[in-house]
Amino acid sequence: ISMKAIFGKQEKEFEKTSKEASGYMLYALGVDYARNEQWDHAIRLYNNALVLQRETLGENHIVVARTLNDIGVALTAMGETYGAMTALEEALWIRQKELGEGHEDTAETTKNMWVLLHNTRVDQEIDGEEKR
């Protein structure tokens, strides 16, 4: 085995590890912004984290589901119903598949979808009353 083959493999592994770590870091920064209700910044960081997580961990990893769930929560807070539902549906699908129906993370995403649908219904009722 040549030195190039050995170091090439190590370099690829280091690159993957570095991208994975960057994904966790970007996610953590997004959480900080979300705690302060700075949704635009949080979503930007979550989306960047999501790209790295999918690349390094796989499309259906539970970490990807967590990030999608939090994107859905942030978009819900911003009133972006369609994007929020899309993110939450994917998060729920992954969590059901990987963790099961009864897992607390699956329940969390289900609750977040309910909140989104409830808020949408309330907004529609308010809009209907304003038009009268």
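Helix axes are lines fitted to C-alpha atoms over the stretch in contact, and the angle between two of them runs from 0 to 180 degrees between N-to-C directions. The exercises below use a predicted model.

**Exercise 1.** Find how helix 3 and helix 4 are oriented relative to each other.

*Solution.* Step 1: helix 3 and helix 4 pack at an angle of about 150°, and their axes lie 8 Å apart. Step 2: an angle over 145 degrees counts as roughly antiparallel. Step 3: helix 3 is therefore roughly antiparallel to helix 4. Step 4: the crossing of the two helices is left-handed.

**Exercise 2.** Describe the residues in the contact of helix 3 with helix 4.

*Solution.* Step 1: helix 3 contributes residues including Leu 68, Ile 71 and Leu 75, while helix 4 contributes Ala 87, Leu 88 and Ala 91, among others. Step 2: sorted by kind, the contact has 13 nonpolar, four polar and four charged residues.

**Exercise 3.** Identify the residues that touch the most other members of the largest nonpolar core.

*Solution.* Step 1: this core has 27 residues, and those touching the most other members are Tyr 46, Leu 68 and Ile 71. Step 2: helices 1, 2, 3, 4 and 5 each supply at least two residues of the core. Step 3: helix 2 gives the most, with eight residues. Step 4: setting aside residues up to four places away in sequence, Ile 71 touches Tyr 46, Asn 47, Leu 50 and Ala 87.

**Exercise 4.** Decide whether Thr 106 is buried or exposed.

*Solution.* Step 1: Thr 106 lies in helix 5. Step 2: its relative accessible area is 1%, and buried means under 20%. Step 3: Thr 106 is therefore buried. Step 4: beyond its neighbours within four places in sequence, Thr 106 contacts Leu 92, Arg 95, Gln 96, Leu 99, Gly 100 and Glu 101.

Note on methods: Residues are numbered from 1 along each chain as its sequence is written. This is a predicted model: local features need pLDDT of at least 70, side-chain atom pairs count only at pLDDT 80 or more; totals for chains, interfaces and linings use all residues. Side-chain values use heavy atoms; hydrogens and water are left out. A nonpolar core is a set of buried Ala, Val, Leu, Ile, Met, Phe, Trp, Tyr and Cys residues joined through side-chain atoms within 4.5 Å. Buried means under 20% relative accessible area, exposed over 50%, partly exposed in between (1.4 Å probe, protein chains only). Helices (H or I, at least four residues) and strands (E, at least two) are DSSP runs, numbered from the N terminus. Contact means heavy atoms within 4.5 Å. Angles under 35 degrees count as roughly parallel, over 145 as roughly antiparallel, 65 to 115 as roughly perpendicular and the rest as oblique. A crossing is left-handed if the near helix is turned anticlockwise from the far one by less than a right angle, and right-handed if clockwise. Ala, Val, Leu, Ile, Met, Phe, Trp, Tyr, Cys and Pro count as nonpolar, Asp, Glu, Lys and Arg as charged, and the others, Gly among them, as polar.
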